[in-house]
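Have the sequence and the 3D view open as you read.

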Amino acid sequence: MTHSGSSLPDLPNCTSTAAPMSEIRSPPPDRVLEIVLENVLHFLTCRRDRNAASLVCRSWCRAEALTRSDLFIGNCYAVSPHRATSRFRRVRSLTVKGKPRFADFDLLPLNWGAHFSPWGSALADAYPWLEKLHLKRMSLTDDDLNLIARSFPSFKELVLVCCEGFGIAGIAAVAANCRLLRVLDLVESVVEDADEDEEVMDWISCFPDGETHLESLVFECVECPVNFEALERLVARSPYLKKLRLNHYVSIPQLYRLMHRAPQLTHLGTGSFCASDDVAVGDQELDYSSAFAACKSLVCLSGFRDILPDYLPAIYPACANLTSLNLSYADVNADQLKPVILQCHKLQTLWVLDSICDEGLQAVAATCKDLRELRVFPGNTREEAEGPVSEVGLEVISQGCRKLQSILFFCQRMTNAAVIAMSKNCPDLVVFRLCIIGRYRPDPETHEPMDDGFGAIVMNCKKLTRLAVSGLLTDQAFRYIGMYGKLLRTLSVAFAGDSDQGLKYVLEGCPNLQKLEIRDSPFGDAALHSGLHHFYNMRFLWMSTCKLTRQGCQEIARALPHLALEVIDSQEDKADDHIEILYMYRSLDRPRNDAPKCVTILQ
Amino acid sequence: MATSASAYENDIKNLKATELTLGLPGTHLQQNVPIIDQEKSSASSSSNKRPLQLSHEETSPAQDCGSKCSNIAKNTDDDAAPPPSKAKIVGWPPIRSYRKNSLQEQSEAAGGIYVKVSMDGAPYLRKIDLKIYGGYPQLLKALENMFKLTIGEYSEKEGYKGSDYAPTYEDKDGDWMLVGDVPWDMFVTSCKRLRIMKGSEARGLGCAV
């Protein structure tokens, strides 16, 4: 590390005329201040604070780089692995995010990118002491997992969210080799199906014998059977295990055994929550509620993948202590849900299917006064005239759950009045995501667009940072967003707006906007142009099936050299200049060279 | 519900497609109107707000939706909700595939049979509901629209003549078969996934053993 030219004042007691201390050498005078700074900076944990500190001057930048142990890379293509590891030398924990969120909805071609391999090799070289790796929407192979398993002797934590490309063999390698592993969380990731002929690898048996350090084991998304006896033995020898989320191959009698082995659990994903096929109903039924009574520390329940509703009452003993309940894979009706909800007084997070109906939401509103986060997912994804939840449910929740901070609500119909009511009743809202499944649906009562509802949300919810809009929306909605959405960081738009003006309002009005994802809306080149002043401040912009042309994108690319504009087109010969997808992000490095044929990166 | 009533009527009308006849599949194509178009024609009378491109939505992500979108946005006087859509919009509603796949089990109980469709060389995988097609002619037409190609005519001996593409499927036993080899009902229950093969591989499959 080279020093800057600046000289620091001589500090007393730091001269070499002090009494000789052969073991402890005084640092040279110009390093003292840096060492003091490094010690102070150790206390800074928030990455925004660290970014600010690094901008003060070069020595602060150096000191901050040396002391940053948690590195967050929001877009894996914004910076090359080499640049990241060169600047930050002592990273122990790394988070990398890859594909844009719309990849979750099959809008991004296969093999688009976000390959972990280049990061893997850079990390193995630069950070042999690496302890934690969190990856989201990255593509990683079994070889990558093998590399992770063998390169980091102190490795403690692996969290993979929405990743794909790997299989059981990779997971087994991590289990077998990471002796200090505390956390192995596989969340909504696609684990490659084994070939029909090959036997499914028993990765649970790959954990070493003896007591483990495991604190969290999450494998709900692993789509293959597990060796239950091995799992039971593993749980029995994992005294620190607090979080266990099982896949749907674990039956309820098996769950019973596991819960009795691990009464210290705080977070439980219950697996299938039904009997396995070879158990006849009416056979000696275990008292499943005793298992829930035994686990006195349970605060978070999820799973219920193939639930037999008859078993739901088994969770009653745990309800009073629950702060988080995820029933969003459970097809249970309102009558079955209500007795559960009515006992969950401490609930802060609730995820359900819309089978809860408006009347179930009424029970939530009446009981869950502490609710902070609600997600209501659709059981039926078709565009229908009516659905089980509606504006009635939303309004009732807004009246009962005044502390609500985050909501994701799928429905078939919604009124402006209900949305306005929520904007007034729930001033703490930070995240408001409303998805009216029928595209271009107006307010069914007034036949007006949904502009006023969303306008009220941005106007009244002063803490709002994330917004997703739907229904029939004109440019007026975007005018409201531009006017009032001053803290907005993430905006999702689909099938909305009239003209370029809509997007202009947003790009000109929202100074904190970092993530903008738009699909099927009539915004074109002129609208895109209005954001030139802001694009370097954004993590990304996604526009698909809009009115952008290659020419328009080319102009942006020329104006902003540190912006990567990826034009993605699945069709080769196009009659006109219109493009399918624009994915745009700032990048400090040369454009990537791992893109598939359908991606063109404009310069 | 309106959905199931009209679906039932459509099924009755399209039963003809599943009849065993001596003629080649596809010869009665002119008589059968694919379900998607039937819905569109009944829909257009009751709602002028329904996006016109709906029936083609699943075929091409590259829409010039500009003019259509602004036209639709102006129709605020319509109070009848658009009729239920059977065609699937890619990526809508925005639910992760992982969650959608879990739901499929429920919708399979409700009557949908979803299979993945891939085409050699195409960057996207699609999913289609086999239940919405009355028979091979509609399925093939939908595939042609989806991937913008011609599949040609089926013959038992020579497979799909007249094109570089052959639609194939993997059945419950893991075998790859040519679409059309078995009666439609048997196909619907045994098909695990579809793959549109291209080139010589496709032609090779066409030759009966």
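In which loop is His533(A) found? His533(A) is in the loop between helix H19 (525–529) and strand E20 (540–544) of chain A. Helices (H or I, at least four residues) and strands (E, at least two) are DSSP runs, numbered from the N terminus.

Before going on, some ground rules. This is a predicted model, where local features need pLDDT of at least 70 and side-chain atom pairs count only at pLDDT 80 or more, while totals for chains, interfaces and linings use all residues. Residues are numbered from 1 along each chain as its sequence is written, chains are lettered from A and ligands numbered from 1 in the order in which they are written, and side-chain values use heavy atoms, with hydrogens and water left out.

(Buried means under 20% relative accessible area, exposed over 50%, and partly exposed in between, using a 1.4 Å probe and protein chains only.) Not counting residues up to four places away in sequence, His533(A) touches Leu507(A) and Glu508(A); contact means heavy atoms within 4.5 Å. Its C-alpha atom is separated by 33 Å from that of Val161(A), 372 residues apart along the chain.

Now look at Asp104(A), in the loop between strand E2 (93–97) and helix H5 (117–126) of chain A. Asp104(A) is buried, with a relative accessible area of 10%. Leaving aside neighbours within four places in sequence, Asp104(A) is in contact with Arg137(A) and Cys162(A), and also with Ile95(B), Arg96(B) and Ser97(B).

**Helix pairs**

Axes are lines fitted to C-alpha atoms, for helices over the stretch in contact, and angles run from 0 to 180 degrees between N-to-C directions.

| Helix pair | Axes come within | Crossing angle |
|---|---|---|
| H1 (residues 29–41) and H3 (residues 58–67) of chain A | 9 Å | roughly 50° |
| H17 (residues 475–484) and H18 (residues 500–509) of chain A | 8 Å | roughly 5° |

H17(A) is therefore roughly parallel to H18(A), whereas H1(A) and H3(A) are oblique to each other. Angles under 35 degrees count as roughly parallel, over 145 as roughly antiparallel, 65 to 115 as roughly perpendicular and the rest as oblique.

Where H17(A) meets H18(A), Asp475(A), Phe478(A), Arg479(A), Ile481(A) and Gly482(A) face Gln501(A), Gly502(A), Tyr505(A), Val506(A) and Gly509(A).

**What is inside**

The largest nonpolar core has 184 residues, and Trp203(A), Leu231(A), Phe432(A) and Leu467(A) have the most contacts inside it. A nonpolar core is a set of buried Ala, Val, Leu, Ile, Met, Phe, Trp, Tyr and Cys residues joined through side-chain atoms within 4.5 Å. Helix H7 (residues 168–177) of chain A gives the most to this core, with 6 residues. Among the residues that Trp203(A) touches, not counting those up to four places away in sequence, are Ile168(A), Ile171(A), Leu217(A) and Phe219(A). Apart from this core lies another, of 31 residues, including Tyr154(B) and Trp184(B).

In helix H13 (residues 357–367) of chain A, the buried residues include Leu361(A), Val364(A) and Thr367(A). What covers the buried residues of H13(A) includes helix H12 (334–341) and strand E13 (349–353) of chain A.

**Chain B**

Chain B has 7 helices and 7 strands. Of its 209 residues, 49% count as buried.
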